[in-house]
Amino acid sequence: MASIKILQKSKSLSNGEYPIYLQIIKYGKVKRISLNLSCPKDEWDGNEFKRNHPNYIKRNRLLNKFKERAYAVIDEFAVNGIDFTLSEFEYKFRNKKKGNVTTVMEFWEEKIDDLKKSHKTGNARAYKDVKNSFFKFNKNKNILFRDITPKLLDKYEVYLRSKNNTDGGISIKMRTIRALYNYAIKMGEANIQNYPFRVYKISKLKGKNVKRALTVSEFKKFEALDLDKHPHLTDTKYMFMFSFYLRGINYIDMMKLEWKNIEDGKVYYKRSKTGKIFIIKILEPVQKILDYYKAQNRDTPYVFPILTKVGLDPMQIEYRKDKMLKVFNNELKEIASIQGIDKNITSYVARHSYATIMKYIGVSTDVISESMGHANLDVTNSYLKEFENDIIDDANEKLLDL
């Protein structure tokens, strides 16, 4: 189950001596624990001090006590039926209190802090939202990773459904917890033997594909919105159109787009999600939109009036994005209602519509995939799946002409 050895490091200290440490290996994972002992190379024989060491008898007795303590810790875990992690072993071995073992809450908060420091504010926000949700359900702030069982996840799913969460929303939360658990295993804070997602399957939450793309006629309806009658919808209409004509640029990249990214009749930007660089020729509808916003002469470097202040920190930008995206999606639904489009239009529909309409006018899937910056054709095909189904349905109806 676990093996214990006492070894000497190959790298010396500043005094020329080499540290002695205890090594435990469990399930292929290794933990090295300093014993605050050291000696020259020629006073160590591989697992104990040689006779030429001045205090070799006392030192070797001490090493034996360290080994006895290590095996006593392992035995204690075994008696209590606990499949311990290496971090839990270290805490016990160092005679620390049980409360010092890293809890799920502590590990989760540390992960959020790390994401913030890495300026991955979107991920930090997502982890924080799921953490808050999970601990509203589970009031015990001291649970360990081994306490997250398939049964607990089932109960959490029931709780989420009682709060009217959809399959998609539940799936996102469960995938976040799974990612956290995987990272905890990697960092030695959780044991793969307790991994609950071998039993609890997130794949069962995968909902049916919903048509998200606009047809050509629906897109023309959207484009025909009379802004003289609905001036409050100007920004929403223009941003959706801009996204469509710019190969499905997503909302966060539009939000960050600056005037310096517009040069020589092209738009240059790096996609936040993938880091891929895009250089896109400006079409006439895009130029009209750019002219409209250029004429506003706002005192910010941004093209669109989403970030209206400069100097915001990453989390302020994230909260601003979240707030304005809700407004954007609500107004898209308002446009759909006004124009008689019977679909749930969101910011992402522009990207799906671009792919689908490109396919409709005869552009190959390879070209569509490249234009959207997809990693492979499977991603593009998932965008086009409903389109392909419609083509098959139309073909099937020809049977009626026989």
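## Aromatic pairs and a ring cluster

Rings of Phe, Tyr and Trp are counted as a pair if their centres lie within 6.5 Å. In this predicted model, such ring pairs link F107, F145, Y181, Y183, Y195, F197 and Y200 into a cluster. By the rule just given, the count of aromatic pairs comes to 31.

One of these pairs is formed by Y238 and Y292, with a centre-to-centre distance of 5.0 Å and an angle of 75 degrees between the planes, an edge-to-face arrangement. Y238 belongs to helix α8 (residues 234-245) and Y292 to helix α10 (residues 284-294), so the pair ties together parts that lie 54 residues apart in sequence. Y292 is partly exposed, its relative accessible area being 33%.

A further pair joins F244 and Y245: the planes of these rings stand at 85 degrees and their centres are 5.1 Å apart, so this pair is edge-to-face. Both F244 and Y245 are buried.

## A buried glutamate

E88 is located in helix α2, which spans residues 86-93. With a relative accessible area of 7%, E88 falls under the 20% cut-off and is therefore buried. The side chain of E88 makes a polar contact, at 2.6 Å, with the side chain of R146.

Note on methods
Residues are numbered from 1 along each chain as its sequence is written. This is a predicted model: local features need pLDDT of at least 70, side-chain atom pairs count only at pLDDT 80 or more; totals for chains, interfaces and linings use all residues. Side-chain values use heavy atoms; hydrogens and water are left out. Helices (H or I, at least four residues) and strands (E, at least two) are DSSP runs, numbered from the N terminus. Buried means under 20% relative accessible area, exposed over 50%, partly exposed in between (1.4 Å probe, protein chains only). A polar contact is a pair of N or O atoms within 3.5 Å; within protein, one must be able to donate a hydrogen and the other to accept it, and residues adjacent in sequence count only if both atoms are side-chain atoms. Rings of Phe, Tyr and Trp (its six-membered ring) pair if their centres lie within 6.5 Å; planes under 30 degrees apart count as stacked, over 60 as edge-to-face and the rest as tilted.
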